[in-house]
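Please read each one with the sequence and the structure at hand.

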Amino acid sequence: MTKRILTALAIAGLASAGLATAVMADKGGRGGEGWGQGGPGGAMMLQHFDEMDADKDGKLTEAEIAAFRAARFAAADADGNGSLSAEELAAMQMQQMQGRMADRAKMMIERLDANADGQLSAEELAEMGKPQTPFQRADADGDGAISKAEAEGAMQKFAGRGKHGRGEGGHGGMGRGQGKGWWWMDAN
């Protein structure tokens, strides 16, 4: 089961890396399209915002975005010929995928490492697919109690997730929407 999950994660990572690269290549020559429109380009902008913000003023200009794109292209163009071969694109995609997989592995350890040894045992890894109770989801630090900050964070995280258990009175979600209490705490 674990091998199947890891294989699925790797395939999903490869697919998303390919899509992100295709979008980046497609948008690279057409000005600022795709940035800030909620699509894949917008997600990339948020992910790399601090890196793109060259003057660190908390804002991005078209020039900063263009410079970031040019730098990424130059880094991928290993032979410096001004174009990307299939091998150069594959190398760029692998580098991006490795970064995402490293981030995902770090998050998994943070979330599942019950004994805080920085590693996952087979037992800890087996917890990955098990559903959590609303209390467990709200208890961000896993100490068996919910602080006010955790309660506020849980409300923000789960607010506005839509119907069917994702915020607006559905089953299994954290809240009932419109500022009402969590279903497991609210007597009404």
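1. Does D53 count as buried or exposed? The model is a predicted one, and in it D53 has a relative accessibility of 4%. Buried means under 20%, so D53 counts as buried.

2. The surroundings of D53 deserve attention. This residue lies in the loop between α3 (49-52) and α4 (62-76). Apart from neighbours within four places in sequence, D53 is in contact with G58, K59, L60 and E64. The C-alpha atoms of D53 and E64 are separated by 6.4 Å, the two residues being 11 residues apart along the chain.

3. K56 is not a glycine, yet its phi is positive, at about 55°. Most residues other than glycine have a negative phi. With 58% relative accessibility, K56 counts as exposed.

4. A116 presents a positive phi too, near 55°, and is likewise a residue other than glycine. Its place is the loop between α5 (86-112) and α6 (122-126). A relative accessibility of 66% means that A116 counts as exposed.

5. Helix α8 (residues 148-158) has E150, A154 and F158 as its buried residues. Viewed down the axis of α8, these buried residues fall within an arc of 50°, and therefore they line one face of the helix. They pack against α7 (134-138). The face of α8 turned away from the buried side carries the exposed residues K148, A149 and Q156.

Note on methods:
Residues numbered from 1 in each chain as written. Predicted model: local features only at pLDDT ≥ 70, side-chain atom pairs only at ≥ 80, totals over all residues. Heavy atoms only, no water. Buried < 20%, exposed > 50% of the residue type's maximum accessible area, 1.4 Å probe, protein only. Helix = DSSP H or I, 4+ residues; strand = E, 2+ residues; numbered from the N terminus. Arc of directions from axis to C-beta. Contact = heavy atoms within 4.5 Å.
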